[in-house]
Amino acid sequence: MVQLSSLSQVQTEIPLTAVIDSALCVGAGGSTGPWADKPIVRLADGRLLIPGSQLKGRLRHECEKLARALGWPVCESPVAETMCPQIGRDNSEFQRTAGEPQHHCLICQIFGNPALPSRLIVDDLICLENSKDLPEVLRPGVTINRRRRTAEDQKLYFLETSPVNVQLPFVGHLYFQPDCPPYARALVLAALHHIPALGGSKSAGLGWLTWQIGDIDIDQSAWESLKVGNAP
Amino acid sequence: MKEIQLTIKALSPLAIGTRKPGGSVSEAHDHIPGSVIRGAIAAQILQYPDVDQTQPGGDFQRLFLEQGAAIFSNAYPSARNRKGDILPVRLLPATAVSSKSNPGFCSSQSDSYGVFDTLIDRFCAEGHDHLYDPNCPRDGGRVEPYGGFYTVEDDDDGKPRYHSQKVEARLLTRVGINRRRATAQENILYGIEVISETRKKGQEETLFSGTIRLEDEVLASALTDFINAQFQNWRLGGSASRGLGKVEMTAQPQDVTSDVEDRIQQFNHHLHKRWKLWDVFGKPQNSLLDNRQFFTLDLQSDAILTDRWRRTTVISAAMLCQEAGVADPDLQLHATYSSYDYRAGWNAAWGLMKDMELVTNRGAVYLFSTPHLDQWLPALERLEQRGVGERTPEGFGQIRVCDEFHTIFREEAK
């Protein structure tokens, strides 16, 4: 029986700030903006942002790496046919018996899949600086012909980036739903430390950042529970 | 009956998609359907670990499952007045028209030629055996049906000013990343049309206004407290776990007051006045107004109407009598202005798609008359509060009796 007045607030909220050390280049096809080949994504009022979908995807990637290293069976995202519960039904390793028996891997129980809602909610990380105060930065680039060592025909391009070396803060939150498993916060926190850069052209020096993570109180048993994945 | 006034402010883009049969592109709604708000509140309640769903009864059952469940109306785009209060949003009826070349409400900022209603004039013209072909009052040009949402606010001179309210939409592009190659995954490039979180290049916030109606006063108070306790934790629509759909939702309880009788009287007053005006072209042999009172039903949201197990877009006299529980053999349907569309949806509790429904579009107008209006007044008040047709708790079939806009005539186009 559900009584609204007796429901207690148990959603965990972690403030998160990404301070961009270099310059950020998060673009998307179909974005409107300047005439750059890869314009930066913005909110409707022009403020810069790191989309929640990118941060969540990257967090999932890092969590999958950690879980696999700990010996947990993990499905293959992002293709629905190779994700839980399609592949977990015939594999006893994918079965979870905490509460109701389920057939979702460790990662899907946090990040969800086409059959299970996500228990982690990721905000867009939004730059609080007014876009009018930020200069428009276009970074030209040209592809070099490997044989002639000169500029390749038709390969001059322009990237739009955030201003360089101004320590722009991008602010948002991570929310863990009340039914989120206890190991989720520990795994996500560990994954955050494996993300040194976001966006495009990371190998060319763009998007490198420093995380400022709010206080998280993680129980020691949550760390312990991650260790039982049969890692060699 | 108690009503909870919901004010919803978009904090991030809203992916409130509408998928139509045969299409692969999901367009964004221009409002937040009641079913989306209902689903979000139900999902939020069920997420609590101390919720025991095995026991029957309780607030959840009374809100969502019982016969007299709460009615979640659609939330339509609105704006704040100069005091900061949210303005009541209204819907233009299907009979409203505006200039084809300069459509829109008259205002000092635009050169629009105004919007007016044609229902009463068309009824009078046809009653006098004349053809009715309205034109623009400003330039005599062509007019077209003009729909959408509007708010009314008094300006400095105390005159009511009509403002069209609409949301802005944009297309977001997303791509899935192949984990092995760290490049774009095949077949996972997709676009989502979303409602923008601000309007007019960030100068105005995107606001929606809706209601929840329920019989139990104590339950209304508990639901209001529950919504307000986590006013910034609400997510509506798709892709909610990855940045989209974040809203600030606040609730304000209020009593439901009905002025149906006043509106019907005003409507009939204007109808009689207009009928006499048309008499200059010659009085008809049989006056349609003799001993009869008229009223309209204006659909404020899409409706799912069924007549003898078959879908329909017309509320016939027999259907209305059955729906309202009134036996009136003299009830007559004079005019119908309606169109249809299809609606699907997703039921999170089932984990399945809802059935594809043929719906009658919002804004539809039905003109009825009866010599026994007295017995209809309580029934019409009840219909305004509960709605007509199927799935009314999800916001379908909301109606307004004798909408005030029917009394805006051509020469006083707003």
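1. Please keep in mind throughout that this is a predicted model. I begin with helix 6 (residues 317–324) of chain B and helix 7 (residues 377–386) of chain B, whose axes come within 10 Å and cross at roughly 85°. Because angles of 65 to 115 degrees count as roughly perpendicular, helix 6 of chain B and helix 7 of chain B are described as roughly perpendicular to each other.

2. The residues that make this contact are B:Leu320, B:Glu323 and B:Ala324 on helix 6 of chain B, together with B:Ala379, B:Arg382 and B:Leu383 on helix 7 of chain B. Sorted by class, the contact of helix 6 of chain B with helix 7 of chain B holds 4 nonpolar and 2 charged residues, with no polar ones.

3. Helix 7 of chain B also packs with helix 5 (residues 260–278) of chain B, at an angle of about 110° and with the axes 10 Å apart, and helix 5 of chain B is therefore roughly perpendicular to helix 7 of chain B. Here B:Val260, B:Glu261, B:Arg263 and B:Ile264 of helix 5 of chain B meet B:Leu377, B:Leu380, B:Glu381 and B:Glu384 of helix 7 of chain B. The contact of helix 5 of chain B with helix 7 of chain B divides into 4 nonpolar and 4 charged residues, and again no polar ones.

4. Turning to the interface between the chains, 41 residues of chain B are in contact with 40 residues of chain A. The two chains bury about 3,200 Å² between them, and 52% of this lies on carbon and sulfur atoms. On the side of chain B, the residues losing the most area to chain A are B:Gln47, B:Arg179 and B:Ser241, which together account for 21% of what that side buries.

5. As for specific interactions, 4 salt bridges are counted between chain B and chain A. B:Arg180 forms a salt bridge with A:Glu76, in which the closest N and O atoms are 2.9 Å apart. Across the interface of chain B and chain A there are also 12 residue pairs in polar contact, with both residues at pLDDT 80 or more.

6. Which elements of chain B each supply at least two residues of the side that touches chain A? They are helix 2 (58–65), strand 12 (169–177), strand 13 (184–195) and helix 4 (217–229) of chain B, and helix 4 of chain B gives the largest share, 5 residues. By class, the side of chain B that touches chain A comprises 16 nonpolar, 13 polar and 12 charged residues.

Note on methods. Residues numbered from 1 in each chain as written. Chains lettered and ligands numbered in written order. Predicted model: local features only at pLDDT ≥ 70, side-chain atom pairs only at ≥ 80, totals over all residues. Heavy atoms only, no water. Axes fitted to C-alpha atoms, helices over the stretch in contact; angles between N-to-C directions. Helix = DSSP H or I, 4+ residues; strand = E, 2+ residues; numbered from the N terminus. Parallel < 35°, antiparallel > 145°, perpendicular 65-115°, else oblique. Contact = heavy atoms within 4.5 Å. Nonpolar A, V, L, I, M, F, W, Y, C, P; charged D, E, K, R; others polar. Buried area = accessible area lost by both parts, 1.4 Å probe. Salt bridge = Lys/Arg side-chain N within 4 Å of Asp/Glu carboxyl O. Polar contact = N/O pair within 3.5 Å; in protein donor to acceptor, adjacent residues only side chain to side chain.
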